[in-house]
Amino acid sequence: MDTNVQKRRENKKSLRIKVISLGNAEVGKSCIIKRYCEKRFVPKYLATIGIDYGVTKVQVRDREIKVNIFDMAGHPFFYEVRNEFYKDSQGVILVYDVGLRESFDALDSWLTEMKQEMGSQANMESIIFVVCANKVDLTKRRVVDESEGRLWAESRGFQYFETSAQSGEGISEMFQAFFSSITDMCENGGKRPNPEVSIGFTKEQADTIRRIRNSKDSWDMLGVKPGATREEVNKAYRKLAVLLHPDKCVAPGSEDAFKAVVNARTSLLKNIK
Ligand SMILES: Nc1nc2c(ncn2[C@@H]2O[C@H](COP(=O)(O)OP(=O)(O)OP(=O)(O)O)[C@@H](O)[C@H]2O)c(=O)[nH]1
């Protein structure tokens with residue numbers, strides 16, 4: 001066979017990618033990578049110093065993918081070291097610990113740090129993000145539930161996985177989907193699929209569910225001022241009911257949000273003449 005043709009075929013088949021892990025210290029980033037690459041769990045905490053680097057090969061369909069994995073230290077102390085490594089990544093594994101709310105709340109600031117460090121190169125549409133809600137084996141200490149994590153991830157067009165580096169739950173599923181999405185993106189000229197099309201719910205629905213979860217009382221939940229009239233309460237209720245009705249809304253947490261709105265309306269109307 002013509003050597004140029006053979007080379008072109010080989011090039012199509014093999015792919016080299018860079019992925020990084022992000023998230024607060026101790027959420028389990030290194031353990032997730034070890035569980036996948038070495039099939040083992042390390043119970044003792046050994047903080048990553050700056051960056052750990054590893055290479056692995058995976059097969060996605062007919063392509064061999066050479067994966068360069070940069071495991072970033074989560075501790076703020078290592079900011080100066082890790083900021084060099086954001087550039088040229090095709091994939092990001094965002095990790096939080098389901099037993100530590102602050103590690104979940106920190107996900108936005110990890111995205112901000114990444115954008116800042118990538119500067120003018122920051123094209124977040126050309127990067128595949130997956131979110132790992134990790135340590136799901138520790139069920140008793142869980143404080144961030146699945147629908148909350150899923151909503152955060154999916155409303156940004158990121159895939160969400162429940163994982164445990166300790167038991168192995170969700171780890172190979174997450175990596176398989178991650179590498180397959182990166183391959184799809186590379187084959188699609190470096191653009192990830194339009195999230196609005198694939199997730200099936202709107203930003204307004206996601207923002208409303210988040211607002212309802214965080215509301216301080218029934219007035220706040222319906223978005224009316226304390227002392228509002230029956231008409232105002234009913235009008236606000238109808239608007240939310242249309243937006244979140246389980247027949248119309250598939251966003252994670254929509255059923256609970258809908259029930260909460262029904263209950264808020266009932267309790268307010270009891271006390272309004
Ligand atoms: N029970 C349980 N423990 C876990 C899990 N994943 C990690 N751990 C433990 O959590 C601690 C921290 O894990 P690491 O993987 O080192 O955390 P990291 O996010 O890489 O931390 P930094 O390197 O400081 O950024 C270790 O003691 C692990 O054994 C898990 O899924 N379940």
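An oxygen atom of the ligand lies 3.3 Å from a polar backbone atom of Gln-166, a polar contact being a pair of N or O atoms within 3.5 Å. On its own the ligand has 650 Å² of accessible area, of which the protein covers 93% (Shrake-Rupley method, 1.4 Å probe). This is a predicted model, in which local features need pLDDT of at least 70 and side-chain atom pairs pLDDT 80 or more, while totals for chains, interfaces and linings use all residues. Residues are numbered from 1 along each chain, and side-chain values use heavy atoms, without hydrogens and water.

- A backbone N or O atom of Glu-26 is 2.9 Å from a ligand oxygen atom.
- Asn-134 places a polar side-chain atom 3.3 Å from a ligand nitrogen atom.

**Shell around the ligand**
- The ligand is surrounded by 24 residues (a heavy atom within 4 Å); the closest are Lys-29, Val-42, Tyr-45, Thr-48 and Gly-74.
- Helix 2 (residues 29-38) supplies the largest share of this shell, three residues (helices are DSSP runs, H or I, of at least four residues).
- The shell comprises 11 nonpolar, eight polar and five charged residues, with Gly counted as polar and Tyr as nonpolar.

**Aromatic pairs**
- There are 10 aromatic pairs in the structure (ring centres within 6.5 Å; planes under 30 degrees apart are stacked, over 60 edge-to-face, the rest tilted).
- The ring centres of Tyr-36 and Phe-179 are 6.0 Å apart and their planes stand at 55 degrees, so this pair is tilted.
- Because Tyr-36 lies in helix 2 and Phe-179 in helix 7 (residues 171-187), the pair ties together parts 143 residues apart in sequence.

Methods. A polar contact is a pair of N or O atoms within 3.5 Å; within protein, one must be able to donate a hydrogen and the other to accept it, and residues adjacent in sequence count only if both atoms are side-chain atoms. Helices (H or I, at least four residues) and strands (E, at least two) are DSSP runs, numbered from the N terminus.
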